[in-house]
Amino acid sequence: MKRILVTGGDGQLGMSLRQKIKEKPPIDCTFVFTDVQELDIMDEMFVKTYFYSNKFDYIVNCAAYTAVDKAENDKEIAEKLNTYAVKYLAKASASQKATLIQISTDYVFSGEESTPRKEDDPVSPLGVYGLTKLEGEKMAQKYNSKHYILRTAWLYSPYGHNFVKTMLNLFDQKKEISVVNDQIGSPTNALDLAETILTIIQNDIEAYGIYHYSNEGECSWFQFADEIKKISNSQISILPVSTDEYKTIAKRPKYSLLDKTKIKTTFGVSIPNWKESLKNYF
């Protein structure tokens with residue numbers, strides 16, 4: 001029987017894992033979900049004590065500081081959660097010979113490229129969020145050789161705060177909105193990512209390293225919003241604007257499409273197109 005710890009259990013990926021496990025419980029697996037109330041992963045001594053009393057085979061770290069703009073002025077907390085907490089989890093899991101699954105992001109790339117990013121492509125974060133997540137990757141690699149780093153992008157789900165829920169709220173409140181149309185990527189339904197994480201755990205093939213996962217296909221944020229509008233039958237008017245016109249505190253990658261060849265060939269996962277997964281969300 002494998003024992004799996006999921007940190008950040010009340011976030012959108014943690015909740016998506018809960019849903020997938022409830023729908024189809026994995027064979028011979030026991031899951032323990034924690035959030036900051038049960039396990040403060042930013043407290044090194046707390047983590048050590050927790051792991052001294054509890055043994056696991058896998059740790060899935062879904063906890064993260066993901067407020068991209070706020071991170072620019074809140075670097076200390078972003079570092080604690082995205083970087084140092086990963087170090088504590090990596091060391092603690094390694095002491096038990098447990099595998100660490102660390103969730104990372106497309107924001108480790110600059111977005112200056114124009115072809116889908118592979119796992120070994122050069123990284124160059126534009127802001128604090130991407131930098132702290134990249135440093136978290138390094139902590140996982142340094143302190144636990146048994147690691148999977150899963151970079152994902154544009155995550156949404158029925159849980160927490162995300163682009164789809166924001167759009168639906170705006171559709172109810174406004175007659176017209178503006179959405180950026182020159183940032184390209186692929187939306188990712190967190191339930192699809194959750195299913196892939198469970199596949200990795202069940203396969204147990206020890207193919208450690210960095211992997212990319214997002215839904216197939218590509219779009220701009222404007223096209224994503226327009227598809228949400230179509231499916232929800234909203235009458236709102238959506239105006240396309242450039243990144244230069246839509247100012248934000250943190251810089252965003254202009255192009256953050258991820259190459260998923262490695263994860264598909266290694267684990268035999270089938271990845272749905274983003275439009276199909278968006279329909280499934282509704």
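Predicted model: local features only at pLDDT ≥ 70, side-chain atom pairs only at ≥ 80, totals over all residues.
View 1. The buried residues themselves are Phe 163, Val 164, Met 167 and Phe 171. Seen down the axis of helix 6, these buried residues fall within an arc of 95 degrees, and so they line one face of the helix. Asp 172 and Gln 173, by contrast, are exposed and sit on the face of helix 6 that is turned away from its buried side.

**View 2. The packing of helix 6 against helix 8.** Helix 6 (residues 163-173) packs with helix 8 (residues 221-232) at an angle of about 60 degrees, and their axes lie 10 Å apart. The two helices, helix 6 and helix 8, are therefore oblique to each other, and their crossing is right-handed. From helix 6, Phe 163, Val 164, Met 167, Leu 168 and Phe 171 take part, and they meet Trp 221, Phe 224, Ala 225, Ile 228, Lys 229 and Ser 232 of helix 8. Sorted by class, this contact of helix 6 with helix 8 has 9 nonpolar, 1 polar and 1 charged residues.

**View 3. The two faces of helix 2.** Within helix 2 (residues 44-53), the residues Val 47, Tyr 50 and Phe 51 are buried. Around the axis they cover an arc of only 90 degrees, which puts them on the same side of helix 2. Their covering includes strand 1 (2-7), strand 2 (29-33), strand 3 (58-61) and helix 4 (75-95), whereas the face of helix 2 turned away from its buried side carries the exposed residues Met 45, Tyr 52 and Ser 53.

Definitions and conventions:
Residues numbered from 1 in each chain as written. Heavy atoms only, no water. Axes fitted to C-alpha atoms, helices over the stretch in contact; angles between N-to-C directions. Helix = DSSP H or I, 4+ residues; strand = E, 2+ residues; numbered from the N terminus. Parallel < 35°, antiparallel > 145°, perpendicular 65-115°, else oblique. Left-handed = near helix turned anticlockwise from the far one by under 90°. Contact = heavy atoms within 4.5 Å. Nonpolar A, V, L, I, M, F, W, Y, C, P; charged D, E, K, R; others polar. Buried < 20%, exposed > 50% of the residue type's maximum accessible area, 1.4 Å probe, protein only. Arc of directions from axis to C-beta.
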